[in-house]
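Subject: Structure for your reading, with notes

Dear colleague,

Please find the structure below, followed by an account of what came out of going through it. I would be glad if you read the notes with the model open beside them.

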Amino acid sequence: MNNKTILVTTALILALSAVSCGNDDVENSANITYQETTSTTTTEEKEEETTVENSASITYEETTDTTIVEEEKEEETTAEEISDVETVEMPDVTNMHSGLAKDQLAVLGLECEIRETENIEITPDYVISTEPEAGTEVQKGETVVLYVSTGIDAIGVDNDDISVDNYVGMIANDAVAFAEYAGLKPVIEFKESPEEKGNVIEQSIETGSTVDVGTEIIFYVSN
């Protein structure tokens, strides 16, 4: 082998070695770039996951806060509506003429339903009992039931007779109204008395007496 051949062979070997080294550098460079890209992608994915979690957490907290606020407002509204419902105490209208009882209930803002019932002891058209009972708290506009006596026709008692009630101690106007509803003709006469002015201090017909419808009764009123 001559010197020229040796030189050419050596040159080829060096060239091949250079190419091989170049390929290694390219591969290393590619590996580094891939690793950097992978690292960057992983970091971005983590940041996105963190952002999504934070966003979900904020949305949940906002939704929870909104729900709590709405529930509190609904509770406040319900409480206000309940407090706005006005109630009154059921008065005692037993042994009172049904017409007068209805008037008193109407003043309190109550409706009433009349249910007639035969009764030996209670005068016709007078209230036997009520539902609910006196003293019960009821809402304005509520309907209460008045059980009213139809009298005692069934056992042959004359319904034209009136049993006189006790009007002493009543305010004169109330006594007059009760007496008229009962079928009496009340007359007022004033009288000196230490009792409260305007109250009935005496009546002309004794309590429990039986008289005809239209009988005159005098109320002596303190002046």
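Which residue's side chain meets that of Arg-115 in a salt bridge? The partner is Glu-113, with an N to O distance of 3.0 Å, where a salt bridge is taken as a side-chain nitrogen of Lys or Arg within 4 Å of a carboxyl oxygen of Asp or Glu.

Before going further, a word on the basis of these notes: this is a predicted model, in which local features need pLDDT of at least 70 and side-chain atom pairs count only at pLDDT 80 or more, while totals for chains, interfaces and linings use all residues. Residues are numbered from 1 along each chain as its sequence is written, and side-chain values use heavy atoms, with hydrogens and water left out.

Overall architecture

The protein has three helices and ten strands, these being DSSP runs numbered from the N terminus (H or I of at least four residues for helices, E of at least two for strands). Read along the sequence, they follow the pattern α-β-α-β-β-β-β-β-α-β-β-β-β. Of the 223 residues, 21% count as buried, where buried means under 20% relative accessible area, exposed over 50%, and partly exposed in between, with a 1.4 Å probe and protein chains only. The accessible surface comes to about 15400 Å², and 50% of that surface belongs to carbon and sulfur atoms; the areas come from the Shrake-Rupley method with a 1.4 Å probe, and for residues only the protein chains shown count as cover. Among contacts (heavy atoms within 4.5 Å) between residues at least 6 apart in sequence, 70% join residues at least 24 apart.

Three strands form an open sheet in the order 2-5-3, with mixed pairing; two strands pair if DSSP finds at least two bridges between them. Strand 2 (111–117) and strand 3 (127–131) are the edge strands, each pairing on one side only. On average, neighbouring strands of this sheet are turned by 25 degrees against each other, direction ignored. Strand 3 and strand 5 run antiparallel and are joined by four bridges, and Ser-129 stands opposite Tyr-147 in strand 5.

Helix 2 packs on the sheet, where it touches strand 2, strand 3 and strand 5, and its direction makes about 165 degrees with that of strand 5; axes are lines fitted to C-alpha atoms, for helices over the stretch in contact, and angles run from 0 to 180 degrees between N-to-C directions. Ser-98, Gly-99, Leu-100, Ala-101 and Leu-105 are buried in helix 2, and what covers the buried residues of this helix includes helix 3 as well as strand 2, strand 3 and strand 5. Helix 2 is followed by Gly-109, whose phi is positive, near 85 degrees.

Leaving out residues up to four places away in sequence, Leu-184 touches Ile-162, Tyr-167, Ala-179, Val-211, Thr-215 and Ile-217.

A buried loop residue

Asn-199 lies in the loop between strand 7 and strand 8 and is buried, with a relative accessible area of 17%. Apart from neighbours within four places in sequence, Asn-199 is in contact with Gly-169, Met-170, Ile-171, Tyr-220, Val-221 and Ser-222.

Salt bridges

A search of the whole structure finds three salt bridges. Lys-140 forms a salt bridge with Glu-86, the closest N and O atoms being 3.4 Å apart. This pair links distant parts of the chain, 54 residues apart, with Lys-140 in the loop between strand 4 (137–139) and strand 5, and Glu-86 in the loop between helix 1 (3–84) and strand 1 (87–89). Lys-140 is partly exposed at a relative accessible area of 41%, and Glu-86 is partly exposed at 48%.
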